[in-house]
Amino acid sequence: MGAGIAQWFAQQMIPAVLCDNNSEQTKKAITQIHSSWDKLVEKEKLTSCQVNQMKQLLEAREITALPKDTTLVIEAIIENLDIKKTLFAKLDKHFSIETIFASNTSSFPITQLASSVSSNRQKRFLGLHFFNPATLMKLVEVIKGQATQAGLAEELYAWFAEHKKEPALCADTPGFIVNRVARSFYGEALRIVENENEVYCKEVDMLMREVGGFKMGPFELMDLIGVDINYAVTSSVWEALGKNARFTPHPLQKKMVDLGRFGKKTKRGFYSYE
Amino acid sequence: MAALAKKLNVGSIHMNNWAIDLTNGSYQDKVHFLEKNSDKMVLMDLTCFDPTAFYRRFPQLKAVCSTLLSHNTRCELHSENHFTEAAQLLSEKGFVSVRASFLNPGFVVPRTIATIVNEAFFTLDQQVANADDIDRAMIFGVNYPKGPFAWARGREKIVVQVLDLLYQLKNDERYIVSSMLRKQASLI
């Protein structure tokens, strides 16, 4: 997701640098971004002059080659607490104390991640949770950690609002806003059908689209996101919120995961894609 | 919804051999309406009730629908043998019917929306974010057609009724209503 975030910044005409342990990965990401921009020129959505400028603003570098006075560093690596904390500790040593650190985590408390950096840096540490694809989805959840200095989250909130994003300020609680409130969208659908029944799933999806006005129904969306990913998020929010009944994973979700029916990516989820 | 109902001229009405009740009446109101119209075919909004139980008890009930939590003019409609007629009647009242083949207490959309709204109220009550930011997050983060607070505005009482129905039928704590939502509903 880091590539999408960097692309969005470059599209705002703000210099952005992509970093990855694997330099081949960043090169590949930049090639893909360039190609998507070129397509937008072909479609006359951007001018070649704009794209040339954006291409100059986006680059790939090793962390150690980054300017120490970088304004903002956004971590968007794998959702693994230890790996994230190790990276933040490394970043903390490299950047000036003024540099703002942000995590794009969807599942870990910001305060816990911030514990990996010095107490001064913790004041300049917060969550910036983007939604996929970052260039299209306008929401950014701006999350204050316990030690985040007063006004910093509000400053970033205002900045994103000025740059055509739709920010939402939220406290450092499990699932933040979206991953918490959206659990009911899936959880209730699973409780309506109760058992595996493709016809019933299809009807629920259709009613949520046709009557509810949602772009996708809950079952087709779970199949697209990955039933395994959805189950993991539900389980994580449920655990983190004291196993509250409102978030209890449904046995059907677990059954699908146990059967390896993760959705489109395995060609079988609530629907068949053979 | 009150404004929409007024605009669409919705209420208890009689057309040909049909009696139509699209109000948010109490259980007693619904029973009374059905008993009073035992010689007619009845189309009734049962958003806040278990339609299966009503079908079983009242043979004159020929079609059930859910209009009360619609955020547009679309509604779920179930009827074994009279779907087309019932859909026509609803269309004359300004609603576009979508066929529901399976019966659910609280239907599909109202039931799902009620639990989303409830969670939004818990989130607000626990000071995770303010209502505007919660609405904005759901619209711009996951493409909801409307934020949960905007969806429920003025209809919190219906949301509470749907959740209470589900709690009563399922005996599951997931349907316990947020105290903030219940308070808001009592103010209507």
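These legends describe close-up views of a predicted model.

**View 1. Aromatic pair A:F219 and A:F270.**
The structure holds 23 aromatic pairs over all chains. One of them joins A:F219 and A:F270. A:F219 belongs to helix 11 (residues 218–225) of chain A, while A:F270 sits in the segment after helix 13 (251–258) of chain A, so the pair ties together parts that are 51 residues apart in sequence. Both A:F219 and A:F270 are buried.

**View 2. Aromatic pair B:F54 and B:F58.**
In chain B, the rings of B:F54 and B:F58 form a tilted pair. The centres are 6.1 Å apart, and the planes make an angle of 35°. B:F54 has a relative accessibility of 4%, so B:F54 counts as buried. B:F58 is buried too, with a relative accessible area of 5%.

**View 3. An aromatic cluster in chain A.**
Five residues come together here: A:W8, A:F9, A:F130, A:W159 and A:F160 form one aromatic cluster. A:F130 is also part of strand 5 of chain A, where A:F130 is buried.

**View 4. Arginines over phenylalanine rings.**
The charged end of A:R121 sits over the ring of A:F101. The distance to the ring centre is 4.1 Å. A second case involves two chains: A:R246 lies over the face of B:F122. Here the distance to the ring centre is 3.6 Å.

**View 5. The largest pocket.**
This pocket holds about 1400 Å³ of space. Its lining has 46 residues, and A:V17, A:C19, A:L72, A:V73 and A:I74 are the closest to the centre. Several elements of chain A each supply at least two lining residues. The helices are helix 1 (2–11), helix 2 (23–42), helix 4 (81–94) and helix 7 (152–162). The strands are strand 1 (16–18) and strand 3 (72–75). By class, the lining has 29 nonpolar, 9 polar and 8 charged residues.

**View 6. The second largest pocket.**
The volume of this pocket is about 1000 Å³. Its lining has 35 residues. Nearest the centre lie A:F131, A:N132, A:N179 and A:I225 from chain A, and B:V142 from chain B. Strand 5 (125–130), helix 8 (178–181), helix 9 (183–193), helix 11 and helix 12 (227–240) of chain A each supply at least two lining residues, and so does helix 6 (131–142) of chain B. Helix 12 of chain A gives the most, with 5 residues. The lining divides into 20 nonpolar, 11 polar and 4 charged residues.

**View 7. Strand 5 of chain A and its partners.**
Strand 5 of chain A is mostly covered, with 6 of its 6 residues buried. Both faces are covered. On one side are A:F125, A:G127 and A:H129; on the other are A:L126, A:L128 and A:F130. Strand 4 (residues 100–103) of chain A pairs with strand 5 of chain A in the parallel sense, over 3 bridges. In this pairing, A:S103 has A:G127 as its bridge partner. Strand 6 (residues 139–144) of chain A pairs with strand 5 of chain A in the antiparallel sense, over 5 bridges. A:G127 stands opposite A:I143 in strand 6 of chain A.

Technical notes: Residues are numbered from 1 along each chain as its sequence is written. Chains are lettered from A and ligands numbered from 1 in the order in which they are written. This is a predicted model: local features need pLDDT of at least 70, side-chain atom pairs count only at pLDDT 80 or more; totals for chains, interfaces and linings use all residues. Side-chain values use heavy atoms; hydrogens and water are left out. Rings of Phe, Tyr and Trp (its six-membered ring) pair if their centres lie within 6.5 Å; planes under 30 degrees apart count as stacked, over 60 as edge-to-face and the rest as tilted. Helices (H or I, at least four residues) and strands (E, at least two) are DSSP runs, numbered from the N terminus. Buried means under 20% relative accessible area, exposed over 50%, partly exposed in between (1.4 Å probe, protein chains only). A charge sits over a ring if NZ of Lys or CZ of Arg is within 6 Å of the ring centre and within 35 degrees of the ring normal. On a 1 Å grid over the protein atoms alone, a cavity is a set of points where a 1.4 Å probe fits but cannot get out, and a pocket is an open set with protein on both sides within 12 Å along at least five of seven lines; lining residues have an atom within 4 Å of a point. Grid points are joined across faces, edges and corners, and a volume is the space filled by probe spheres set on the points. Ala, Val, Leu, Ile, Met, Phe, Trp, Tyr, Cys and Pro count as nonpolar, Asp, Glu, Lys and Arg as charged, and the others, Gly among them, as polar. Two strands pair if DSSP finds at least two bridges between them.
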